[in-house]
Amino acid sequence: MAADNAVDRSAGRLARELERLAEERVDHRFKGLPPDAEGLTVGELAAQRRNLFTGGFTTPVLALSAERLEHNLALMEAYSERHGLAFAPHGKTSMAPQLFARQLERGAWGITLAVPHQVRVARAYGIERIFLANELVDAAALRWIAGELAADPSFRFICYVDSVPGVALMDAALREAGATRPVDVVVELGAGDGARTGVRTESECVEIANAVAAADTLRLVGVAGYEGEVPDATPERVRAWLGRLTALAVEFDKANRFADLDEIVVSAGGSAWFDAVADVFEEIPELSVPVLKLLRSGAYVSHDDGHYRHLTPFNRIPDEGALHPAFRLWTQVVSRPTPEQAFTNAGKRDAAYDIDLPEAQVVHRGGVDRPATGVTVTGLSDQHGWVRTGPEADLAVGDWVGLGLSHPCTSFDKWQLIPLVEADGTVTEYIRTYF
């Protein structure tokens, strides 16, 4: 009953904070929005249900498909349930509390984040369960975490540790802060030599676990890692590393390192190998207490038309469904200097470009969409898209071009208020981001 009450309080706080978002005033901070909406609240503008193409929006403007977003949320909810996984989607992808709320409504255990600022955003909206998929050795951040844990008994916070010096820094900061609750930690197993963070050998994992046990400001609750960093990843190599991760949990349990817990956390799972995570986690033997098998994929929420379109595990397991790319960046042709070249008004400030260039998909003219045949984005300046046009391209100054984007994480972060758009162009909501 107490747990149910905590969930209700958390949901109530989140709902109240989201209502405040609707009270924010539309002004010059939010690019792409109609100039004549200046001074309206976000809620008032949403209630007008303007059309993206005829409602006064200016280009460039990023749109998020309402139907595809809901499809993706439902698909990963069903996938997690089918495979017995708890789900803490990585919030650093969107940094959008409205999307956090939808993910939690779809059964998410909590939200994964990467740095202290992101945790502060989530806590401002009442998120009760946070998995920080990173080491945390910043004394000021730890002081704040200690305060949050002390003030809210229902707040669950877990973070990585991967070194004895890191444990010592955490312990010192928490002692100085007068922490009244221990910080839950998981030992991060590195994905291999040359990978990112994480412990390289199992013997070092034991040393770190011993250091945690000696610090009463910390509590070891499990093991975790990120299989997306496995060097030269193949299904066999990823599964082998995941086998090491689960074996580490088993060995820690045999050594009674989880004796005082009611669950053991074993966590992995980015957006490229969650099928392997599901397979290997299913093989975890029965331990001394139940295992929280925590998946952390984040890019699924919007998916994309490039990087994750190629990497998604659903390409390997099509019977389980398919994610749909939900982003489209609308930009306008502002110059057509030659028959072979055009320039649009969206560039690096507007579109993800760290992995792939945007993909021209649709041309909108006179209320009609048609395929962007013969239209190719070849480069980006700060505020311009470089476009090559073939003989078959029908592209004129003033046309709107709909671009598919690659890499959701560097798409969301360029936009503070993103229209949520239905298939007919009606804007029903505006998604606020905090980067």
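**Close-up views of a predicted model**

**View 1. Surroundings of Q118.** Leaving aside residues up to four places away in sequence, Q118 touches K92, M95 and L113 (contact means heavy atoms within 4.5 Å). Q118 lies in helix α5, residues 116–124; helices (H or I, at least four residues) and strands (E, at least two) are DSSP runs numbered from the N terminus. Its relative accessibility is 11%, so Q118 counts as buried (under 20% relative accessible area, with exposed over 50% and partly exposed in between; 1.4 Å probe, protein chains only). The model is predicted, and local features need pLDDT of at least 70, side-chain atom pairs pLDDT 80 or more, while totals for chains, interfaces and linings use all residues. Residues are numbered from 1 along each chain as its sequence is written, and side-chain values use heavy atoms, with hydrogens and water left out.

**View 2. Helix α3 and its cover.** Just after α3, G84 has a positive phi of about 65°.

**View 3. Packing of α8 and α9.** Helix α8 (residues 202–213) packs on helix α9 (residues 235–254) at an angle of about 45°, with the axes 11 Å apart. The contact is made by E202, C205, V206 and A209 of α8 together with R244, L248 and F252 of α9.

Definitions and conventions: Axes fitted to C-alpha atoms, helices over the stretch in contact; angles between N-to-C directions.
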